[in-house]
Amino acid sequence: QEAGVAPLIGESDADLYLSIIMVARHDNTQFCQAPQEACLDRLRASLSILLERLHRAGLSHDSEIILVEWNPCYLNSRQDEGACDERPKGYLSLEQAVRDLVIPLRDAPPIRIMLVSEHVHDQLYNPYDFDLMEFIGKNVAARRARGRFMVFTNPDDVWAEDLVQQLARRTLREDVMYGTFRGVVRDHIPVGPRASVASMERFVSGNSFSSEHHPQSVAHVAGRWRRAACGEGDFDQAPMTTADGGYGYFHDSAAGDFLLLPRAVVYKIRGYPEIPTNIMIDGTAIHAGAAHGFGQLLFAGECVIYHQPHPRSYNTKGSMISFPAYESLAQSLLDAGHQANIRRGNVTLGERHTRVEEAVEWHRWNGEDWGLSAVAIPQVILSPECH
């Protein structure tokens, strides 16, 4: 175990291939407690299977997992309200949960657990009184991530073996954003004392289905996508940019469960919009990336993820952005980026991005201190032998 302050990592200072980023917390919402300790069970299944598959794919030494623990209940001073109501058994920290519940491997990537405290949370603009800000938490990890590519995902998702194997081929492009389709695990994955990674994998294999390959769009300006390679000898389709600077359309439904971005995209758009809602922020980030000329490729076939069932968290209810407003925002982003990208003669990708920055200044909701870069964020790093 190593403890300290998580250092900021510069845009050009990546020294790993892949950073896998999640936000999580053990609390008293129905999301966590129906059935009892359900979110910890999902976390155990998700991480245990992911660690094993990264190991089998040979990615253990070129990746990291970052868990951001946001305003956790075990440290919360207001345990008489909201998600942190008092309860007899108390709450586990993410460090405790990973140590006690996740099935360890000798050869696994480090797990970095970063803490955003109640004090930091209370300084943020938060008119709806959410006590967990998922996408600001993911930005916290992004500013401190070491990977050339960052995957923003959730601890209730199970990545298919084929998806991990495809990432391990190291054929990811720097000029596109990646997504995938989200299948469903039909029932609660058994994670009792006698459970193993193999038994969890067998359960997922026999009790899941995928609804792909139909694009699902929240903004009706979206819908068309291009397919990323999935498998040895497979090839990407052409990215979604056209000769006149247009983009095609985008798949933005449930994008927060798997959004893989090159480091350049993350820094170009300054991460997710840091506005006080957890709704439709993932899709907004995709359209902001598109305004800068980055296309979208979707993994398909067997390269999907499977979502574990759960009640909806109250942190995802309500929004400052209505569906019509989100659709209008997405269209405005694409229109402004399209105009900035109309060009006479040939220009480089870098020149095109500069034009977008000049023409679409308002595409950035975040200042240069995005990802709470001015805040010292404590972290604990668990190496394989520690958990």
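These legends describe close-up views of a predicted model.

**View 1. The disulfide C32–C39.** A disulfide joins C32 to C39, with an S to S distance of 2.1 Å. The link of C32 and C39 is right-handed, with 90° about the S-S bond. C32 is buried, at a relative accessible area of 0%. C39 is buried too, at 10%.

**View 2. The disulfide C73–C84.** C73 and C84 are joined by a disulfide, S to S 2.1 Å. About the S-S bond of C73 and C84 the torsion is about -80°, so this disulfide is left-handed. C73 and C84 each lie in the loop between strand 3 (63–70) and helix 3, so the pair ties together parts that are 11 residues apart in sequence. C73 counts as buried at 0% relative accessibility. C84 is buried, with a relative accessible area of 2%.

**View 3. The disulfide C230–C303.** The sulfur atoms of C230 and C303 are 2.0 Å apart and form a disulfide. Their link is right-handed, with 85° about the S-S bond. The pair links distant parts of the chain, 73 residues apart. C230 sits in the loop between strand 10 (226–228) and strand 11, while C303 sits in the loop between strand 12 and strand 13 (305–307). Both C230 and C303 are buried. The disulfide count comes to three. With the bonded cysteines numbered in sequence order, the pairing reads 1-2, 3-4, 5-6.

**View 4. The salt bridge E95–R99 in helix 3.** E95 forms a salt bridge with R99, and their closest N and O atoms are 3.2 Å apart. Both residues lie in helix 3 (residues 94–101). They are four residues apart, about one turn of the helix. E95 is partly exposed, with a relative accessible area of 23%. R99 is also partly exposed, at 30%.

**View 5. The salt bridge E174–R148.** The closest N and O atoms of E174 and R148 are 2.9 Å apart, forming a salt bridge. E174 lies in the loop between helix 6 (161–168) and strand 7 (176–180), and R148 in strand 5 (residues 147–153), so the pair ties together parts that are 26 residues apart in sequence. E174 counts as partly exposed at 39% relative accessibility. R148 is partly exposed, with a relative accessible area of 37%.

View 6. R227 pairs with D234 in a salt bridge, the closest N and O atoms being 2.9 Å apart. R227 is partly exposed, at 26% relative accessible area. D234 counts as partly exposed, at 26% relative accessibility. Elsewhere, a network of salt bridges links E52, R53, R56, E161 and E201. The whole structure holds 17 salt bridges.

**View 7. The largest cavity and its lining.** A search of the whole structure finds one cavity of 30 Å³ or more. The largest cavity has a volume of about 90 Å³. Its lining has 17 residues, of which G179, T180, H251, A255 and F258 lie nearest the centre. Strand 7, strand 11 (258–262) and strand 12 (295–299) are the elements that give two or more residues to this lining. Strand 7 supplies the largest share, four residues. By type, the lining divides into 10 nonpolar, five polar and two charged residues.

**View 8. L329 and T284.** L329 has its place in helix 10 (residues 323–341). L329 is buried, with a relative accessible area of 18%. L329 and T284 are 45 residues apart in sequence. In space, C-alpha to C-alpha, L329 and T284 are 7.8 Å apart.

Terms used. Residues are numbered from 1 along each chain as its sequence is written. This is a predicted model: local features need pLDDT of at least 70, side-chain atom pairs count only at pLDDT 80 or more; totals for chains, interfaces and linings use all residues. Side-chain values use heavy atoms; hydrogens and water are left out. A salt bridge is a side-chain nitrogen of Lys or Arg within 4 Å of a carboxyl oxygen of Asp or Glu. Buried means under 20% relative accessible area, exposed over 50%, partly exposed in between (1.4 Å probe, protein chains only). On a 1 Å grid over the protein atoms alone, a cavity is a set of points where a 1.4 Å probe fits but cannot get out, and a pocket is an open set with protein on both sides within 12 Å along at least five of seven lines; lining residues have an atom within 4 Å of a point. Grid points are joined across faces, edges and corners, and a volume is the space filled by probe spheres set on the points. Ala, Val, Leu, Ile, Met, Phe, Trp, Tyr, Cys and Pro count as nonpolar, Asp, Glu, Lys and Arg as charged, and the others, Gly among them, as polar. A disulfide is a pair of cysteine sulfur atoms within 2.5 Å.
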